[in-house]
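Please go through the strand pairing, helix packing and backbone geometry of the following model, question by question.

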Amino acid sequence: MSNPTPAAGIHKKRFLSQFINSNENDQKKFKADRSLCSPSRVLHIRQIPSDATKAEIISLVIPFGKVTNFLRIDRKCQALLEMDSEEAAVALVNYCNYFVPHLHSQPVYIQFSKHTELKIASSPYRARTQTSLQAVNATQPGNQAVPGAYAVEGGHCPYQGSVLRIIVENLHYPVTIEVLYQIFSKFGSVLRIVIFTRNNQFQALLQYADPMNAYYAKMNLDGQNIYGMYCTLHIDFSKLDTLKVRYNNERRRDFTRLGLPLGDGQPPLELPMAPACGTQNFIIPSYTGAPGFAPAMAFTPVSIVPAPLGSLAPTSAVPAPGALPAVPANSVLLVSNLNPEAITPHGLFILFGMYGDVHRVKIMFKKKSNALVQMADATQAQLAIGHLNGQKLYGRVIHATLSKHHIIQLPPEGQKGNDLTKDYSNSPLHRFRRPGSKSFQNIFPPSDTLHLSNIPPSATVEDMENLFENTGSTVKAFRFIQKDCRMALIQLGSVEEAFHAVIALHNHDLGEKHHLRISFSKCTI
């Protein structure tokens, strides 16, 4: 790194004055087009929070290349930063065109400076800056485009390891290993993830390949929300040096050993995603989102909501800002083409309750093949549509769409057809009413394989098979989950049979104060 000479430089005060005056008139122009200036190694950073440290500002650009000079303009909440190559600066600006970096929950804007080189006259400020930059450059491995450390005040490395401890608060929607992988893989190579519940809180441990990635992810994601105002991330460094994963399943995953079994004697899990791919300057996610949900949070802390129809179609590797679809505010569904001879309000309550808390159900008195289902909120309504629209139930393909109604009115007492409208607002069978419930981790598309839980110890394989066969189901396979006979998997003849069994047997009294709990399984037997 070449040191600027006093003869070639300019006095800091004069430089700041010239810089501020020349840029006061192009603030609006910057917001409209970041690429007005020609590519340069010098970057202009704006809207920096007043309490942001030098280390935090520099850490925004470190993953794209080394920093060779830095000048902060406190009065204007701006800074100039020089990178070691124009290619690194171009990569960063291109990336920021899609993902706006944030400091202290405030957007920070980065563009090319009109200056091609940052030269500052010798001064105590310059000396302190160079000392800090030399410290970080000395710890970088070779000439890699993605360095392995961050600049901090005093030259100390801020990261504390490659394993992060993640707590998700306000857990109203499902957060799975896949969701966490998609979010955190944007900041580096994710090796392993383990999720668990402790003290009624959803928690996770996530290991990066490089401590630099862990630090960068923590700084950018801590305090942000995954889905709108919900699922808030609280991130800290774990005391663990590494994670040990023996199985790949819904609770733990080793992305370096995809052939691990589900459990003792069980086959490997078929993963719906591949490790993140990328170039030297970009981390590009390859996973498209959890079932029924749009891709989770990108670099910008935008409000992400489940996508309409639960689409799993691949998305662009670098989506444009604001490209995600908005969810209509309506939470009432119109369900049509039902079998009027078989369907009941309770059946619809149980079935749609697999994907959200159902508050009210109304079967139309004059057209009993149609019904209204009121979910707890619009997001759950979209999730139910995505999973249940087009499914076969009691011999008919049902259709689920948003209704023009925004609430289901309860009929007056004594009115004919009262039994066709039911209020389930206070039902104890709601799966998602308790924040942090494990039900959020068990939302999967309909399948012929069901996950059973809360089975009494005295129940046998024959008892459980007979129970399902008595509902008209064909039992293809049944297996208790090893080490916990309170849970089991059962495979039926079809998805339609699984629907019928869920409606008939969810919350069924098995004796010994055990009521059967049923959900769709992600795995097969």
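Q: In this predicted model, over how many bridges do E22 and strand E24 pair?
A: Strand E24 covers residues 488–492, and its pairing with E22 is antiparallel. The number of bridges between E22 and E24 is four.

Q: Which residue of E27 stands opposite His 451?
A: E22 also pairs with strand E27 (residues 517–520), in the antiparallel sense and over four bridges. In E27, the residue opposite His 451 is Ser 519.

Q: Is Ser 519 buried or exposed?
A: Ser 519 lies in strand E27. Leaving aside neighbours within four places in sequence, its contacts are Met 354, Arg 431, Asn 442, Leu 450 and His 451. The relative accessible area of Ser 519 is 12%, and the cut-off for burial is under 20%. Ser 519 is therefore buried.

Q: How many of the five residues of strand E22 are buried?
A: Strand E22 spans residues 449–453 and is largely enclosed by the rest of the structure.

Q: Which strands stand at the edges of the open sheet of six strands?
A: The strand order is E10-E11-E7-E9-E8-E12, with antiparallel pairing. A strand at the edge has a single partner strand, so one side of it is left without a neighbour in the sheet. The strands in that position are E10 (225–227) and E12 (252–254).

Q: Which residue of E12 stands opposite Ile 193?
A: Strand E8 (residues 190–198) and E12 run antiparallel and are joined by three bridges. Within E12, the residue opposite Ile 193 is Arg 253.

Q: At about what angle to E11 does helix H7 run?
A: Helix H6 (residues 177–184) lies across E7, E8, E9, E10, E11 and E12, at about 135° to E8. Helix H7 (residues 211–221) lies across E7, E9 and E11. Its angle to E11 is about 140°.

Q: Are H8 and H11 roughly parallel or roughly perpendicular to each other?
A: The axes of helix H8 (residues 345–352) and helix H11 (residues 495–505) come within 9 Å and cross at roughly 110°. Angles of 65 to 115 degrees count as roughly perpendicular. H8 and H11 are therefore roughly perpendicular.

Q: How many nonpolar residues are in the contact of H8 with H11?
A: H8 contributes His 346, Gly 347, Ile 350 and Leu 351, while H11 contributes Phe 499, Val 502 and Ile 503. Two of these residues are polar and none is charged. The nonpolar residues number five.

Q: How many of the eleven residues of helix H9 are buried?
A: What covers the buried residues of H9 includes strand E15, H8, strand E17, strand E20 and H11. Among the buried residues are Gln 380, Gln 382 and His 387. Helix H9 (residues 378–388) is largely enclosed by the rest of the structure, because its buried residues number ten.

Q: What is the phi of Tyr 394?
A: Most residues other than glycine have a negative phi. Tyr 394 is found in the loop between strand E18 and strand E19, and is partly exposed at a relative accessible area of 22%. Although Tyr 394 is not a glycine, its phi is positive, at about 50°.

Q: Phi of Glu 512 is near what value?
A: Glu 512 lies in the loop between strand E25 (509–511) and strand E26 (514–515). At 46% relative accessibility, Glu 512 counts as partly exposed. Its phi is positive in a residue other than glycine, near 55°.

Conventions. Residues numbered from 1 in each chain as written. Predicted model: local features only at pLDDT ≥ 70, side-chain atom pairs only at ≥ 80, totals over all residues. Heavy atoms only, no water. Axes fitted to C-alpha atoms, helices over the stretch in contact; angles between N-to-C directions. Helix = DSSP H or I, 4+ residues; strand = E, 2+ residues; numbered from the N terminus. Parallel < 35°, antiparallel > 145°, perpendicular 65-115°, else oblique. Contact = heavy atoms within 4.5 Å. Nonpolar A, V, L, I, M, F, W, Y, C, P; charged D, E, K, R; others polar. Pairing = 2+ DSSP bridges. Buried < 20%, exposed > 50% of the residue type's maximum accessible area, 1.4 Å probe, protein only.
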